[in-house]
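Take a look at the structure below. Then read on for a short walk through it.

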Amino acid sequence: MTEYEAIIGLETHIQLNTTTKIFCSCKADSWFDPPNTNICPVCTGLPGALPTLNKAVVEKAVLLAKAMHANLLPLSYFARKNYFYPDLPKGYQISQYDKPIAVGGFLDMPMNPANGQSYIRHITIDNMHLEEDAGKTRNEPGRRLIDFNRCGVPLIEMVTGPDLRSADEAAQYLIRLRQLLRWLGISEADMEKAHLRCDANVSIRPKGASHLNPKTEIKNVNSIDAVKEAIGKEIERQTNEMEAGHKIETWTLEWDEDAGVLRKMRSKETEADYRYFREPDLLAIRMTDEWRNAILEGFPELPLERRARFIEDYGLPEYDAEILTGERSLSDYFETTVKTYKGDPKRVSNWIMNDILRMVNEAGKPAYELKLTPAFLAEIIQLVDSGTINTSTGKNLLGKVETSGRAPSKIVEEEGLAKVSDDSAIREVCAKIMAASPNETASYKAGKVTLIGWFVGQVMKEMRGKADPQIARKIMEEMLSQ
Amino acid sequence: MSLSREEVIHIAKLARLELSDNEIERYQQQLSSILEYADRLKELNTSQIPPTSSVLPARSRFRDDVPVESLPTDKLLKNAPQSEKDQFKVPPALEGPQ
Ligand SMILES: [Zn+2]
């Protein structure tokens, strides 16, 4: 059997998280609003209404262009894409065509397959378009109901070259894109809420060949898992067709989430039928150097750069660096803690991955909103390092600081949590426990030495965790064998 | 430049217009003569003139990202021939005869 490789390109639509729509002052986010409540003459296409461009849309696009190494055009234009559909009240969508906001660009995506060599996939970007979203259509028996709230919500359309080679790579690209969009703060990038939408172009060819075969387009996939599954199934279908000597036809396929199958869609209008022309109601966007520089002031270090730097500068394992840079505020949290702590960064990483991550998830808020600040975490780790408190007291302190917002050393002092290394205090408690547990003491002396764990537990409990468990164990053993 | 009968039918389909045979013939002639008229521009030598897509100065005009009160739903729905549950009601079959 011939070995095939998949050629995949992704067309993504990114919903920007602006407050208002792209061409009018209606609220952009209608997720919790009833139908047709965020609408006006502009976004519902009433005669005579004129669009005005939202500045924030361009600013967010500039951030994405910079992150994707795309070139901003000094002059970009809007265009009308004409088609009739009931969710498009004007009869055309304002989009961009021959002079979009940015062209070119790339993402170098690290791939770490579970069984295989790590590699970098270079993914090219063709261009980025600004455009308006259409309304929502709901099918009801015998009719359709249209909600225009989503009309005019700002989108960036970003199309990759045919550079992805597997369903896994396609899924990974979406994961990286979602991470980047949230990092830049330009989109919520929630696929389930359609903030990030994806169509996939899929074809296959014998491995090593350089020609491109006819491709199919998969639409309506709204989760990363679904993208992976749908592309996987389409690669399998095309492989079977080719093996059977059939030709691949350029179908448009729709992913049926519930059934987990691809269905053929009706043929759609071809590009020429959209009759694009320059939008006469809007002026060109002039991107001056001054404006671009102002937008890019304070542009952040990007997640993949930071990931590489964490490995390089802090000697973190790739696994740690990946998790710590999964989200911008967590990575800032880590770095601030390391700088205050001044000790081994891996130690900070362990505390964050074991405990802080859980606290962040449970609180449902970003790390920088925790009352347990990086400075407090650094203080707790230092208290453990210096032997002032033991590890389990340190872990308990995390919650106490988070609830009260008070300094760890204050809490240690007030609650008397400092570790007791004074032998006499521990000896006293040990004697007390032996006196209170004649049966256990007799069993131990008769040879059941595994009971030592129970004895140490009693000591720790009595001393509210303040004793050093190692020392407590040593003293207890010594006293029991007398 | 003249338009074929098929091209007129195609354009009518894109505009969701239903045309009678008479109309197809009439529009074929009318649209063709409009295109021929526009074709007269080709008689001019424009090789030294940059294409003009707008006579307005290319200067961006923007709006700040601040929301204002939207249109009340009932006012918007006055433009709807039919509505239901605060939404526009349209027929289920949207494709014309293929
Ligand atoms: Zn509006």
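This is a predicted model. Start where the chains meet. The contact draws 31 residues from chain B and 36 residues from chain A. Which elements of chain B build its side? Strand 1 (62-63), helix 3 (73-77) and strand 3 of chain B each give at least two residues to the side that touches chain A. Strand 3 of chain B makes the largest contribution to that side, with 4 residues. By type, the side of chain B that touches chain A splits into 15 nonpolar, 6 polar and 10 charged residues.

Now look at how strands cross from one chain to the other. Strand 11 of chain A pairs with strand 3 (residues 87-90) of chain B. These two strands run antiparallel, and 3 bridges join them. One pair to find is A:Ile146 and its bridge partner, B:Phe88.

There is another strand pairing between the chains. Strand 2 (residues 53-54) of chain A is joined to strand 1 of chain B by 2 bridges. Here the strands run parallel. A:Leu53 has B:Phe62 as its bridge partner in strand 1 of chain B.

Go back to strand 11 of chain A. What does this strand pair with inside its own chain? Strand 10 (residues 136-140) of chain A is joined to strand 11 (residues 143-147) of chain A by 5 bridges, and the two run antiparallel. Together they form a hairpin, with 2 residues between the strands. In the turn sits A:Gly142, which has a positive phi of about 75°. A:Glu140 stands opposite A:Arg143 of strand 11 of chain A.

Next, step inside chain A. Find A:Glu234 in helix 3 (residues 224-243) of chain A. Is A:Glu234 buried or exposed? Count the other C-beta atoms within 10 Å of its own: there are 25. A residue with 20 or more counts as buried, so A:Glu234 is buried. Which residues does A:Glu234 touch, leaving aside neighbours within four places in sequence? They are A:Val202, A:Thr216, A:Ile218, A:Leu253 and A:Leu262. Also look for A:Ile204, which is 30 residues from A:Glu234 along the chain. The C-alpha atoms of A:Glu234 and A:Ile204 are separated by 9.6 Å.

Finally, zoom out to the whole of chain A. How is chain A divided? It has domain 1 (4-294), domain 2 (303-415) and domain 3 (423-480). The C-alpha centres of domain 1 and domain 3 of chain A lie 67 Å apart.

Conventions. Residues numbered from 1 in each chain as written. Chains lettered and ligands numbered in written order. Predicted model: local features only at pLDDT ≥ 70, side-chain atom pairs only at ≥ 80, totals over all residues. Pairing = 2+ DSSP bridges. Domains from an automatic or database assignment. Contact = placed C-beta atoms within 7 Å. Nonpolar A, V, L, I, M, F, W, Y, C, P; charged D, E, K, R; others polar. Buried ≥ 20, exposed ≤ 12 C-beta atoms within 10 Å, placed from the backbone.
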